[in-house]
Amino acid sequence: MAKKRANGEGSIRRRKDGRWEGRYTAGHDPETGKAVYKNVLGKTQAEVKEKLAKAIEKSKRVDIVRAEKYTLGQWMEIWFENYARIKVRPSFHATYRGYLDNHILPNIGNIPLNRLTTLDIQKFYKKLLECGRVVRAESKGQPRGLSAKTVRNLHQILSSALDLAVQQRLIPSNPAAGCALPRAERQEIRTLTTDQLNAFFREAKASGVLELYYLDLATGLRRGELLGLRWEDIDWQHRELHIRRQLARVGGKVTEAPLKTKNAYRTLPLGEDTIGVLAQQKEKVGTSPWVFPGPAGGPLSPDSVLHMLHRVLERAGLPRLRFHDLRLTFATLALQNGIDVKTVSGMLGHYSAGFTLDTYAHVTTPAQRQAAALMRDLLSSRV
């Protein structure tokens with residue numbers, strides 16, 4: 001006979017097979033309104049009493065009836081359509097979709113959401129590091145495993161979706177929170193040296209694209225910010241440049257998009273030389289509203305300026321760089337030539353000078369060289 005307990009504490013009884021069973025109400029079916037009962041089993045009454053208390057406490061935090069309706073894959077789709085598409089910049093939608101379709105869904109998408117464990121996710125990450133790369137013709141000869149950075153990006157997406165599941169009372173806690181993540185190796189920063197700039201500018205001028213790359217190296221703009229410039233953003237009288245938008249490729253189309261962060265909306269002073277370069281560009285483009293228009297007068301594709309950069313570098317006999325490396329070149333040269341880190345951080349549109357310091361920790365500034373000389377004089381005089 002079931003042992004009566006207080007309301008909300010469930011009931012305990014001994015079954016015919018000798019085991020003890022605890023029953024409790026886990027919730028109500030949203031369609032029929034009927035109570036949904038769950039049970040726990042144990043060899044002793046004390047064991048079942050402990051299990052029952054934990055199960056009832058969990059049921060208070062989790063809507064078990066709803067939770068059992070989702071696999072991880074189904075929940076990831078709901079999260080992507082109703083959360084990520086709104087919160088994440090449109091230019092990242094395709095990246096997130098690729099992470100889901102190529103990695104998360106085929107590997108762990110069929111696991112019931114309420115049964116997903118930290119170990120399941122940890123094994124998933126280990127597999128990705130060892131052989132997670134999608135086999136394509138262009139990836140032949142590359143390592144089979146994904147990089148630590150990519151795995152960390154996947155973890156961020158998965159963890160965000162599971163955090164939302166916790167908020168929606170589908171799971172009691174986020175199983176991704178306990179995972180050990182691979183340490184992302186810091187990429188070696190590649191920049192143009194002052195000696196290489198001569199050859200680069202010479203070839204850029206011969207190729208008819210000097211203005212684009214000169215402005216980027218003079219301001220440190222992101223590629224999308226540079227291509228999103230309109231003539232209305234230039235204050236010729238005060239020699240200022242207003243960064244108000246960026247261009248991004250979304251769904252195969254080049255379109256205007258908001259800037260990366262609120263700090264990215266900024267005003268930059270322009271030197272007389274840069275104003276002169278922009279005046280030359282104004283004469284070249286005529287009536288186009290874009291500072292750097294495409295062949296048809298509309299926005300210029302982000303891909304085309306990267307291919308153009310590679311051609312200029314190759315013709316100049318310089319190593320291949322990413323477009324972002326021009327931004328790194330600006331910051332590195334500015335710091336090396338005595339511009340303080342707070343000013344550089346503001347020009348780059350970083351959210352804090354601390355982030356700039358961390359990113360360019362390898363750069364030796366004049367202040368650091370002066371400090372080293374002072375310490376040398378201080379110590380050597382006492383030897």
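**Note on helix packing and cores**

1. Helices α8 and α12 pack with their axes 7 Å apart, at an angle of about 45 degrees. Axes here are lines fitted to C-alpha atoms, for helices over the stretch in contact, and angles run from 0 to 180 degrees between N-to-C directions. α8 is therefore oblique to α12; angles under 35 degrees count as roughly parallel, over 145 as roughly antiparallel, 65 to 115 as roughly perpendicular, and the rest as oblique. Helices (H or I, at least four residues) and strands (E, at least two) are DSSP runs, numbered from the N terminus.

2. This is a predicted model, in which local features need pLDDT of at least 70 and side-chain atom pairs count only at pLDDT 80 or more, while totals for chains, interfaces and linings use all residues. Residues are numbered from 1 along each chain as its sequence is written, and side-chain values use heavy atoms, with hydrogens and water left out.

3. On the α8 side the contact (heavy atoms within 4.5 Å) is made by Tyr213, Asp216, Leu217, Ala218 and Thr219, and on the α12 side by Leu326, Arg327, Thr329 and Phe330. These residues divide into 5 nonpolar, 2 polar and 2 charged.

4. α8 also meets α10: their axes come within 10 Å and cross at roughly 150 degrees. The two helices are therefore roughly antiparallel to each other, and the crossing is left-handed. Glu211, Tyr214, Leu215 and Ala218 of α8 face a set in α10 that includes Asp273, Val277, Gln281 and Lys284.

5. The largest nonpolar core has 52 residues. Such a core is a set of buried Ala, Val, Leu, Ile, Met, Phe, Trp, Tyr and Cys residues joined through side-chain atoms within 4.5 Å. Among the elements giving two or more residues to this core are α7 (194-206), α8 (210-219), β5 (240-243) and α10 (272-285). α12 gives the most, with 7 residues.

6. Phe200 is among the residues with the most contacts inside the largest core. Leaving aside neighbours within four places in sequence, Phe200 is in contact with residues including Leu192, Tyr213, Leu217 and Leu309. A second, separate core of 33 residues includes Trp79, Leu100, Ile121 and Leu170.

7. Thr332 lies in helix α12. Thr332 is buried, with a relative accessible area of 6% (buried means under 20%, exposed over 50%, partly exposed in between, with a 1.4 Å probe and protein chains only). Not counting residues up to four places away in sequence, Thr332 touches Thr191, Tyr360, His362 and Val363.

Methods:
Ala, Val, Leu, Ile, Met, Phe, Trp, Tyr, Cys and Pro count as nonpolar, Asp, Glu, Lys and Arg as charged, and the others, Gly among them, as polar. A crossing is left-handed if the near helix is turned anticlockwise from the far one by less than a right angle, and right-handed if clockwise.
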